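User: I would like to learn how to read features of a protein model, one at a time. Please give the general idea and then the case.

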Amino acid sequence: MFIGYYRLIFISTNCNNKIQKLAPAHGLRLFPLVGLCHFSFFILLLPIIQLIFVRTNALVQSHTYLTSSEGESILNLPEDQQVLAIASQERLLAIASNENIYVFNNTLNSTDTKGYEELLKIPLNSNESITDLQILAAQRILLFCFFSFCRICQIPVNSTSSSPSGNCTTRNFQQTESLRAVLSPENRLFVRAIYSSNSASILAIDKTETLAAHDYSEISEQRVVSSFHSGQFVYFIGSARRVDLPYQLEAEKLRYRTDVRMTRVCQDDTSQLGDGKSLESRMELVLSCDGLDNSLHNNANQRAITASRSTDGKTLLVVIERDEINDQDDIESQHTFACRFSVEELENAFEQLWNTCQKVESTKWQTKQCEGVMRDPQCFMFSWELEERLPLCRRFAQGGLGNCQLNSTKSLVYRAGWLENFNATLGTLITELSIEPEAKIVAVEEIEDALLLGFQNGTIQRVANIATIVEGQKQYQATTFWNITLENNQFSHLGMVLDENNHLIFANKNKVRKLNLSCPTMYPQCEDIAWNDPLNCIWCAFPDETGLTITKEQMLEMCQSRGGFALDTCPPLVTEVTREESGTLTIWGKRLNTMKNLNISFCRKPCTIDKQLPDTIRCKMNLPFGHCKTLSLEGIFGSANNFTIIHDLSKQHNQISDGKIHPSYVMRAILVILAVVLISIALVVIYCSLYPKYAKRLIDLAFFRSGNNRDTGYNPIPPPTETLRPSTFDPHTFGLALGNCAHSNQNSFVSGDDGSPIVMLADGSQLDLRTFECIGEGYFSKVCRALCRYQKEKGVTETKRVAVKIIKSATAIEEVKLEVDTLKKCKHPNIVQYIDHFITDEMRLIHIVLEYMGGGDLHNFLIDRKNMPTIGDAFSYIIQIAKGMAYLASQRIVHRDLAARNCMLDTSKRVVKVTDFGLSRALTRSKLYGENDENYVYIYVSGNQQQKLPYRWTAIECFREDPLFSEKTDVWAFGVLIWEIFARHVEPYENMKSIEVKKFLEAGERLECPKHCPEPLYELMLFCWDEDQIKRPNFDEIYLQLENIFDELMKNASESMNCQYESLNDSEYETPITTRQSLPPTQPSSYSHSGLSSTSTTRVVDDLNNSTAI
């Protein structure tokens, strides 16, 4: 009935297309039929709508409340502008775009994101990029710099007193590559200017004079990351490479080193001697972290990445990149650390450096004292201004001068300025940051016992800033609590800032956002919460399935007093409720097995629990359902002894009832269907009588040329007797409406410039139908490869290969729709990518266009003895497949045929991708293990529909009655897949039939560990083969375990990862199985994203030739 009904729908749809095509040639007499076609199509939809509204298996969706974790927008610029820099101090906020600089005053409470009054708007006429932006609230000055000049603007008190371009002055200097600037209270501008990799200066720019202190030529690789003013000094933080003077003094060898440096200059220093010897008050300290090897003989290079000073000015945070060299294998690795320095202690270190050197009268005695010993702190203090071979420091001139009193003497004798201490001043090591190789930190702030990191790729992270104690020792590895990804792909050091209330203000393309760094704003959903965040966030769950994030301090006021449950883990979640005719309720959701002593009631009627799995609960009711609106779950969850979930169905269109459809609905549906049939027949008769030459064609279109096309050959081009012309590819002939699964490409069949038949695909490429080459074939489908042409740029055309899966059965349309639906929504680097689909040959053959994997399938690669993969290659394949399967699980897709034959390699044989999921098991037959049926068992799904699965990869529970396909059944197959990779050409359970495998597994036996397989990996395989699917890990957990196993092996036996392993010989592997009375004990794992596939009846048949379907 439904097949015929579907055909009538198709006739109605194509009726309109045909009439519109013929109307121009036949005048207005066809247009009344257009209205009839539309009307008939609408009438056809009515019974479907009626049935939807009375279906007993209602889909009940849960509801949650979402809150933005990206803050509120406080400024939106036009789309053609982009926010480049932000600065904030007190209530003033400066924002620089690529066209203007704005200054705002927060007229309301500063915790508000509204109420910003524009005080100043300055157009930017420079083509240079902005390099620095600062607000000096006490002086009401805005400072912003470019690569060759800085501007100093007076900020008006209110908007009425502002001028159009502001009261600004400009300070020019030589073109730089990077810089940081500081403005003293007397409006003297100091600039740390980096000109090239070996040229830099400190500039002091007044209105009429510029003093320049140039770095010596021996100094290179300078960088500057931060600057600030404190007291009567200006400070710059950066790094540079220079001669290691203390090491040269001790070992008499020349060596260079790169250190993080902090530079200080007196704000009133006007000393100058010419030849770049100006600003003699300049002093520098080497900065490093405690806990690192900072000894004289350790030559680890350290570079400054970014730095920031706290809003109260008391601490300085520096991110340091350090090159560590392993002495055993001489391998260099980079580590990134965050260190905190007390500004007061740094100022004391500068004073100590100056005062110590003022006590030295002769460098000759000091040199003799330090050679080969280097015990005295003075041995690490040098003056770069002295001309001696090793210019150890000494007093300036005749002594008695303070660091900021050098202007008072004009004597040229012993002007020993520019002091430097090579002995590192140590800050507190906060944490070691885990940074991806391609990632680059550009900004850092410290707040609420955590660090905020801004990355150049547009990511902001909140990470731990405290060491954890593990087995009595401090561990400094940072933990990421929270992150957001912005639209900016070029985030700069000026892209984020903390205001006076420690709210995060950041740039996001053309918007400026403000985020209160609190539990509700950062973690709006329970799954988002970082439970170890120092904010002490918890989840308050209410019985009506709503909830909110709060702190532990708010637990009584905002949660328990309102009837909520304060939880330190996410509660169970009900997402759907369905009913079977047997009276069984199926409750779908997440973490459903975490409730203990569970009681379920439906409208206060008890429901006896049959199964309780992580994502599914089944319970049975003996009483009629009635028109119920409330499902209640009560039990113990965590510390809540009376935890309650009340699932409300009243907000849905459909509600669970006793399963009875009112007779009036049935009669109405029957009458509508009869009326539609009569109208459709009338339309067909009228159409065919008017235009008999199209009658046969229309009937063929409507009924898809019924029957399976079982020709073994295939050519998408018509045979020679049918001359191919551009008009041959009629969009109305080849088009097909595939329902909701995808568009049908009705207008995609055209001819190329040379008359060749092509198909226009969704990605804009042109599939050449002449290039089809069959590379694999089964009973219902075959796979071909073909060439696509696509236009790379104007006038330049390139080709690429694609794989085309051709379904030869015209009756498989519904299955194909489901497979296309599944393929379309999967986008992952380890999943074969769907491109498009189309139909040719008068709609008998359906084509699915996929990404082409030139390396073939993993199984054929493994059994080929010419290939010599390494243990590392095997781990790479396994981890990639685990990532792909974790993605499928997150999309609630159950593969059901995971094996090496369904994993494809690219041409390099390095990348592996999972393929052939959806309904591929029902549509194709693998040739990899032979064409016979001995490798498969039949399983009945969806009533009497029969489906065939490869039993060697099938989970143990699928051999039994009433199987439930889920993520955990794929996990079982994944364990067999790992075994395949190491066993190579040996078949799992070799020489065993399905009934033998079933008995073997039920006896507690499992495949033995293959040769070359690491023992920890085999233990993971045994966990995947646990008879209790609840105890099996999910793919997210598998991925993490694989990473841990790989890291451990790389740490302890890295040489083994490069060892090649050969395919096993029969003499090496007499039997692929071993007897295990029991599996290793496992801990129940968390279960996520594993929807059950269905089934009410299952039968495993060993001898297929003598069996009948039941």
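User: Is Asp132 buried or exposed, and what is its relative accessible area?

Analyst: Buried means under 20% relative accessible area, exposed means over 50%, and partly exposed is in between, using a 1.4 Å probe and protein chains only. Asp132 has a relative accessible area of 5%, so Asp132 is buried. Keep in mind that this is a predicted model, where local features need pLDDT of at least 70, side-chain atom pairs count only at pLDDT 80 or more, and totals for chains, interfaces and linings use all residues. Residues are numbered from 1 along each chain as its sequence is written, and side-chain values use heavy atoms, with hydrogens and water left out.

User: Where does Asp132 lie, and which residues is Asp132 in contact with, leaving aside its neighbours within four places in sequence?

Analyst: Helices (H or I, at least four residues) and strands (E, at least two) are DSSP runs, numbered from the N terminus. Asp132 lies in strand 6, residues 132-136. Contact means heavy atoms within 4.5 Å. With neighbours within four places in sequence set aside, Asp132 contacts Leu143, Phe144, Cys145, Arg180, Ala181, Ser227 and Leu494. For Asp132 and Arg180, which are 48 residues apart along the chain, the C-alpha atoms are separated by 6.3 Å.

User: How many salt bridges does a search of the whole structure find?

Analyst: Side chains of opposite charge can pair when their charged atoms come close. A salt bridge is a side-chain nitrogen of Lys or Arg within 4 Å of a carboxyl oxygen of Asp or Glu. The search of the whole structure finds 30 salt bridges. One of them joins Asp244 and Arg257, with the closest N and O atoms 3.5 Å apart. This pair links distant parts of the chain, 13 residues apart: Asp244 is in the loop between strand 15 (233-243) and helix 3 (245-251), and Arg257 is in strand 16 (residues 256-266). Asp244 is buried at 0% relative accessibility, and Arg257 is buried at 12%. Both residues also belong to a network of salt bridges, whose members include Arg192, Asp215 and Glu420.

User: Which residue forms a salt bridge with Asp499?

Analyst: Asp499 forms a salt bridge with Lys514, and the closest N and O atoms are 3.4 Å apart. Asp499 lies in the loop between strand 29 (496-498) and strand 30 (504-508) and Lys514 lies in strand 31 (residues 511-515), so the pair ties together parts that are 15 residues apart in sequence. Asp499 is buried at 3% relative accessibility, and Lys514 is buried at 4%.

User: What separates Glu1002 and Lys998 in helix 16?

Analyst: Glu1002 and Lys998 are four residues apart in helix 16 (residues 994-1002), so about one helical turn separates them. They form a salt bridge whose closest N and O atoms are 3.1 Å apart. Glu1002 is partly exposed at 35% relative accessibility, and Lys998 is partly exposed at 21%.

User: At what angle do helix 15 and helix 18 pack?

Analyst: Axes are lines fitted to C-alpha atoms, for helices over the stretch in contact, and angles run from 0 to 180 degrees between N-to-C directions. Helix 15 (residues 967-983) and helix 18 (residues 1035-1052) pack at about 35 degrees, with their axes 10 Å apart. Glu967, Asp970, Val971 and Phe974 of helix 15 make the contact with Phe1035, Ile1038 and Leu1042 of helix 18.

User: What is the strand order in the open sheet of four strands?

Analyst: Two strands pair if DSSP finds at least two bridges between them. The order in this open sheet is 23-24-25-28, with antiparallel pairing. Strand 23 (441-447) and strand 28 (480-485) are the edge strands, each pairing on one side only. The twist averages 15 degrees from one strand to the next. Strand 24 (residues 450-455) and strand 25 (residues 459-464) pair over five bridges, and Gly454 stands opposite Ile460 in strand 25.

User: What is the phi of Asn502?

Analyst: Most residues other than glycine have a negative phi, and most peptide bonds are trans. Asn502 has a positive phi, near 60 degrees, and is a residue other than glycine. Asn502 is found in the loop between strand 29 and strand 30, and is partly exposed at 28% relative accessibility. Lys509, also not a glycine, has a positive phi of about 60 degrees. Lys509 is in the loop between strand 30 and strand 31.
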